[in-house]
Amino acid sequence: MPQNTTVAVIGLGYVGLPLAVALARHVEVLGFDIDRTRIDELIAAHDRTGELSEGELRDSRLVYLADESFLDDADIFIVTVPTPVGPDNKPDLKALRSASETVGRHIRLGSVIVYESTVYPGVTEEICGPILERVSSLIQGQDFFLGYSPERINPGDKVHRVDRIAKVVAGTNEKTANLLAKLYGTMNGGNIFIAKDIKTAEASKVIENAQRDINIAFVNEITEIFSRMDISVYDVLEAAGTKWNFLPFTPGLVGGHCIGVDPYYLAHAAEAVGIEPRVILAGRHTNDGMADAVAERIDQALTGPSRLLMLGLAFKEDVPDIRNTKVVDLIKGLEKRGHTVETFDPMADKQEAEAEYGLSLIDAPGTDYDGVVGAVRHAPFEELSLRAMLKEGGSVFDIKGLWRARSIPSSFRYWTL
Ligand SMILES: NC(=O)c1ccc[n+]([C@@H]2O[C@H](COP(=O)([O-])OP(=O)(O)OC[C@H]3O[C@@H](n4cnc5c(N)ncnc54)[C@H](O)[C@@H]3O)[C@@H](O)[C@H]2O)c1
């Protein structure tokens, strides 16, 4: 890699910020985001996503930019902006298009533009490339070069961090792929896989999450089957898990903006080539219906309108991210059935919960609830005392197996999937 290479990371969210900080240990990195508040917070060494500590941000040489004009200094651009779905579950590429326009205004001969956002095969070369060409008046593959490197980080996971996991890279040509292998390799000890081409790399990412979604859907479906037979799926999984090749998936509410979204990107790509993505969409259908199915079962286990405590709002354990969380559907499902729900999530942002869902999070669990629902397995919930929260004879609804290995006082009813 040429000396003094400058990398610009476009979009400093869950993916972009850890990546930019990791790369900044080895090369010059500019971090650009359109959200001015996010930039101000990062300058003040506060990462609201909880991925990086104040110390890690203070120690970093990453330069934060809210003004795109400084992007002229970059040689390699890495785009890490959101790729959600619209209300019709079709890919919404607005942020990706807009980021490509931004980058297009600053590239020059020899620039390399790498996309990390999750997309379906073809987006980098057939949608982003032409935008870059139009805005820059340069030609892809001749004047500037494209790359794709899927991101695999897992928010809240302190083990599989961006500098410790294998990274797939692909480029327009061999030279670009090798350059990206070197760049990312500086950060993760050379743990790089060069994919055959950009489309292959795009496809590899989108199937990773679709595969998880389908596997979880299977477990959610057997959960429903076994519940009608009075068999706990957790007991079944524990037994089946003793087989060497049994896959350890657990039931749950599949929310967030990866596993619950990426399969729709794959489904869209399938439909575009005339294939009906039956398996992929069946998984989505099952997982999207899980929150209401659980609400129905909790309702059946209660004797009448009840006051319930919901533990957790985030889409998964140990993160503050509440975007596309299915706990909201569970709350709505319980309220629709006549129950009152108070929600406690010490990791989630109260204002965001109010703005996004009209939900007022409580500051601390109250007392005398008829039932406590363990919806998210945040580590601090391990410390909560059921006795302090539940009334005599109250119910524990253990969706995530939070209390499975603990002894529940006999005065409470224990319910699990
Ligand atoms: N979060 C994950 O676990 C994860 C894992 C792997 C892959 N991904 C993929 O990575 C991509 C980014 O996800 P994320 O979770 O980091 O999203 P995020 O919402 O946390 O962060 C995206 C950031 O991009 C900024 N942004 C939006 N439009 C922009 C633009 N036009 N120019 C500059 N900045 C812009 C936003 O302000 C935000 O700070 C998505 O495609 C996602 O599917 C996410």
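Which residue in E7 is the bridge partner of Gly 147? The exercises below begin with this point.

The structure is a predicted model, in which local features require pLDDT of at least 70 and side-chain atom pairs count only at pLDDT 80 or more, while totals for chains, interfaces and linings use all residues. Residues are numbered from 1 along each chain as its sequence is written, and side-chain values use heavy atoms, with hydrogens and water left out.

**Exercise 1. Identify the bridge partner of Gly 147 and describe the strand pairing of E7.**

Solution. Helices (H or I, at least four residues) and strands (E, at least two) are DSSP runs, numbered from the N terminus. Two strands count as paired if DSSP finds at least two bridges between them.
- Step 1. The partner of Gly 147 in E7 is Gly 171.
- Step 2. Strand E6 (residues 145-148) runs antiparallel to E7, with 2 bridges.
- Step 3. Strand E8 (residues 192-194) pairs with E7 in the parallel sense, over 3 bridges; here Val 168 stands opposite Phe 193.
- Step 4. Together with helix H6 (residues 174-188), E7 and E8 make a right-handed β-α-β unit.

**Exercise 2. Determine how the residues of E7 are oriented, and whether they are buried or exposed.**

Solution. Buried means under 20% relative accessible area, exposed over 50%, and partly exposed in between (1.4 Å probe, protein chains only).
- Step 1. In a regular strand the side chains alternate between the two faces of the sheet.
- Step 2. Lys 167, Val 169 and Gly 171 point one way from E7, and Val 168 and Ala 170 point the other way.
- Step 3. Of the 5 residues in E7 (residues 167-171), 5 are buried.

**Exercise 3. Characterise the interface between domain 1 and domain 2.**

Solution. The domain bounds come from an automatic or database domain assignment.
- Step 1. Domain 1 spans 6-195 and domain 2 spans 209-416; their C-alpha centres are 32 Å apart.
- Step 2. Contact (heavy atoms within 4.5 Å) involves 18 residues of domain 1 and 13 residues of domain 2.
- Step 3. Buried area is the accessible area (1.4 Å probe) that two parts lose on being put together, summed over both. Between the domains this amounts to about 1300 Å², with carbon and sulfur atoms giving 61%.
- Step 4. Tyr 14, Asn 89 and Tyr 120 supply 33% of the area that domain 1 buries against domain 2, more than any other three residues.
- Step 5. The count of salt bridges between the two domains is 1. A salt bridge is a side-chain nitrogen of Lys or Arg within 4 Å of a carboxyl oxygen of Asp or Glu.

Notes: Right-handed = clockwise from strand over helix to strand, strands pointing away.
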